Each structure stands twice: as C-alpha cells, then as structure tokens.
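Below is a short briefing on one structure, arranged by topic. Please read it alongside the sequence and the coordinates.

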Amino acid sequence: MTLQKPHAPKIALALAGGGPLGAIYEIGALCALQESLQGIDFNRLQHYVGVSAGSFIAAGLANGITPHQLFSLFIDDRKHQAEAFDPAWLLRPAFGEFFARGLLLPGLLLAGTWQGTLGRKSFMRALEHLSPSLPTGVFSNDQIHIQLARLFSRPGRSNDFRQLKSRLTLVATHLDSCQSVPFGRPGWDHVPISSAVQASAALPGLFPPVEIDGQHFVDGALIKTMHASIALDEGMDLMLCINPLVPFDASVRQAATDAATPWAAPEPIPRIADGGLPAVLSQTFRSLIHSRLVLGLKSYEQTYPNTDMVLIEPDHRDPELYLANTFSYSQRRHLAEHAYQQTRQLLRSHRTGLSTKLGYHGITLNHAVLDDNSRHLCRPQREPTRISHALTKLHTTLNNLNQVVRAAAPPESQPAW
C-alpha cells in the first residue's frame with residue numbers, strides 16, 4: 001500500500017517554451033494528464049511557472065481555464081467561438097516598428113556619409129551606423145496583449161496577478177541587463193498578465209522587444225529553459241514539468257509507422273542533414289535548450305531533495321513533432337492529438353514507477369482511462385487495427401516489466417521517474 005503525506009501536497013507546474021508547436025504539445029499533454037490522473041486538478045495547483053509559449057498555457061490554467069477549454073480556444077478551429085485565438089494575429093507585420101526605425105534612416109545616412117568621407121573611415125565602418133534603422137522584429141505581438149486582456153476580462157477571470165487564487169509566475173528576460181524577470185512576484189505583480197505573456201514570448205528577431213515601465217523585455221527562455229526553481233524555492237512537494245522541444249534521434253531507422261500512434265500517416269524517418277540548413281539549425285537549437293534542461297533537473301534533484309519531480313516531454317525518436325513546421329497552425333489539431341496520445345502512452349509505459357511516486361502525494365493513475373484505446377482528443381483519421389492494439393499492449397507490457405526490474409535495482413541505478 002502506498003504511503004500518503006498527512007497534509008495536502010503542494011504541487012507546482014512548470015511549462016517550457018517552444019513556439020506554437022510547444023503550446024500545442026503542452027495542451028495535448030495536459031488534456032491527457034487531466035483525464036488520466038486522479039487526485040489532481042490542474043486549475044487548482046499552488047504555483048504555475050510559464051516561459052515563452054508556456055506562459056500562454058500557465059496564464060490560462062491559473063485563470064481557471066481547463067486543458068480541454070484551452071484546446072478549444074487555441075487549437076480547435078470552430079469559428080463560432082467568440083474567444084477563439086486566431087493564429088493569424090501572430091503573423092501581422094510590425095508596421096509600427098518598421099515606421100519608427102525608418103524615421104531614423106535619414107539621420108543615420110547623413111552620419112554614415114560624414115564618417116565615410118570627411119571622417120576618412122572605411123565604407124563598411126560607415127554602414128555600421130545604419131544598424132539602428134533595422135527593425136528589431138518582423139511580426140507584431142501586440143495582439144497577444146490585446147486578445148489575452150479581453151480573454152481574462154471575462155467573469156471569473158483576472159488580468160491581475162494579485163487577484164488570482166494560485167501563484168502565477170511568467171518569466172521574461174530584461175534586454176539591457178540580460179537578467180530573468182519573474183512577472184507576478186512582488187515588484188512585478190502590477191504588470192498585467194497579458195503584457196507579461198507578450199514579453200515572455202517575444203522571441204528576438206521574430207517579435208520586437210516589449211516595453212514595460214520604460215524597460216524592454218524579450219523571451220524568457222534566453223536564460224533558462226524552464227525556470228522551475230522559482231516554484232521549488234517555495235517548498236513544493238511535487239513538481240510537474242512539461243517540455244515540448246527535444247532533439248530528434250534519427251540514428252535508429254525504426255519502422256515508418258509507430259505502433260503507439262496508429263493514426264499517424266506513415267512517413268520515412270529522415271536524416272537531419274537531408275533537411276538542409278533549417279533542419280540542422282532546428283536540431284542545434286533543440287539540443288542546446290534540452291541540454292540546459294537536463295542539467296537544470298539534475299541540479300534541482302540535489303538542491304531540492306524533498307521534492308519529487310516528473311518530466312513530461314516527447315519521445316526523442318518520434319519524427320511527428322520534429323517534422324512539423326514550428327510556426328505552422330495548419331496541422332494543429334493533428335499535432336494536439338499526437339501529443340495527447342503520446343502522453344497517454346508515456347503514462348502507460350511508466351505506470352509502475354509513476355504510481356509509486358504520484359501515490360505518495362495522493363495522485364493515482366486511472367488505468368481504465370489509460371487502457372481505453374477509443375479515447376481521442378480529436379476524431380482519428382483512421383481506426384487503429386488489431387495488430388496496432390496488440391503491438392501497443394506488448395510495448396506497454398515490456399516497459400512495465402522494465403520498471404519492475406529497475407525498481408529492484410540498487411538506488412544509484414534508479415531512473416529519474
């Protein structure tokens with residue numbers, strides 16, 4: 001029988017960034033977790049920490065919006081919904097930024113000409129004077145603040161950190177000092193939640209820095225991938241972490257159809273170099289941010305030994321999320337379904353270890369839900385075959401057997417789960 005803490009456990013949720021794809025994965029994963037875990041309400045946790053795209057989801061959960069409601073608002077394409085988030089809002093050119101920078105050009109040209117002729121400096125040095133006229137972002141992110149402020153103004157919700165029932169921390173990076181800023185904590189809790197989300201998700205180069213109180217802020221992932229320590233410092237009993245971006249392991253030429261995801265269309269698994277420069281840069285970026293996450297989690301385990309941590313992230317060998325266009329919403333329903341099913345499979349595969357760790361905090365796995373292959377977040381494109389069901393059951397059984405073997409191993413060989 002699993003021992004349970006005598007007091008109500010303090011549970012926090014940390015959500016990393018990853019652009020639109022990251023938000024889609026996190027919503028799909030949260031829907032699976034909410035259905036599959038008993039004894040936890042993802043709208044009543046003690047602390048939510050969001051970074052970049054994860055700040056959208058964290059702000060919604062802290063405002064009482066359920067994971068399935070987030071799916072309807074941010075992913076589902078039902079046009080009759082008045083609150084639905086239109087991805088086209090993020091693709092509007094930053095005309096204001098273009099105009100403001102353009103006004104600087106005449107003066108900079110004059111100064112550059114002066115330096116290149118009378119100043120007797122090289123032509124390239126003269127061109128350097130024109131750099132302030134270049135826009136700091138291609139697309140405008142003003143609609144993030146506008147639309148989220150409207151969403152959080154609904155009855156029962158709030159755009160004020162101080163009015164929320166749970167702690168909410170949204171992390172951005174102060175551009176001039178390159179320091180992390182925890183919006184929602186004392187000294188920064190006066191900033192509207194919608195503005196904090198806009199600042200936390202302001203990816204440099206794509207969106208202009210966000211000005212708040214005369215200071216400029218950009219994406220919070222520049223310093224850390226997850227910033228879970230903000231909640232851990234408050235003595236959490238259980239820390240749930242969701243990271244949507246992982247490097248893709250293309251070294252194993254596995255079968256084109258994943259038995260755990262029978263709804264996916266079979267595609268050959270490519271080599272990274274076959275995708276050219278974008279694929280190489282994507283793999284590099286994913287590796288950098290994921291390596292920081294791994295190091296951070298190891299540090300957390302030593303610094304906070306009394307806190308149990310559970311990490312939810314995609315399978316490194318799954319090409320579905322890797323091949324998706326990070327800033328494309330055309331496949332958002334399919335990708336959300338994929339994340340939903342992959343998370344369910346992850347819970348099934350690690351049910352032995354997870355049951356022990358979560359049970360200590362009064363949380364149990366709903367085995368009937370996990371084993372129900374008819375459950376979907378979106379309508380499947382094609383029904384799973386009997387062979388797929390058999391392979392999935394075999395895969396789950398082997399993983400559970402592996403968990404039993406590991407549980408009997410010496411402590412130093414125990415996995416993070």
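The sulfur of Cys 31 lies 9.0 Å from the closest cysteine sulfur, that of Cys 378, which is too far for a bond. The structure holds zero disulfides, a disulfide being a pair of cysteine sulfur atoms within 2.5 Å. The model is predicted, so local features need pLDDT of at least 70 and side-chain atom pairs count only at pLDDT 80 or more, while totals for chains, interfaces and linings use all residues. Residues are numbered from 1 along each chain as its sequence is written, and side-chain values use heavy atoms, with hydrogens and water left out.

**Cysteines and positive phi**

- Cys 31 counts as buried at 0% relative accessibility (buried means under 20% relative accessible area, exposed over 50%, and partly exposed in between, with a 1.4 Å probe and protein chains only).
- Cys 178 counts as partly exposed, at 43% relative accessibility.
- Cys 178 sits in the loop between β4 (167-174) and β5 (179-183), where helices (H or I, at least four residues) and strands (E, at least two) are DSSP runs numbered from the N terminus.
- The phi of Cys 178 is near 60°, a positive value in a residue other than glycine.
- Ser 52 is not a glycine either, yet has a positive phi of about 55°.
- Ser 52 belongs to the loop between β3 (47-51) and α2 (53-62) and is buried, with a relative accessible area of 7%.

**Packing of α7 and α8**

- The axes of α7 (residues 142-151) and α8 (residues 193-200) come within 8 Å and cross at roughly 150°; axes are lines fitted to C-alpha atoms, for helices over the stretch in contact, and angles run from 0 to 180 degrees between N-to-C directions.
- On the α7 side, the contact is made by Asp 142, Ile 144, His 145, Leu 148 and Ala 149, and on the α8 side by Ser 194, Ser 195, Val 197 and Gln 198; contact means heavy atoms within 4.5 Å.

**Pro 9**

- Pro 9 is placed in the segment before β1 (11-15).
- Leaving aside neighbours within four places in sequence, Pro 9 is in contact with Gln 46, Asp 237 and His 361.
- The C-alpha atoms of Pro 9 and Ile 363 are separated by 9.9 Å, although these residues are 354 residues apart along the chain.
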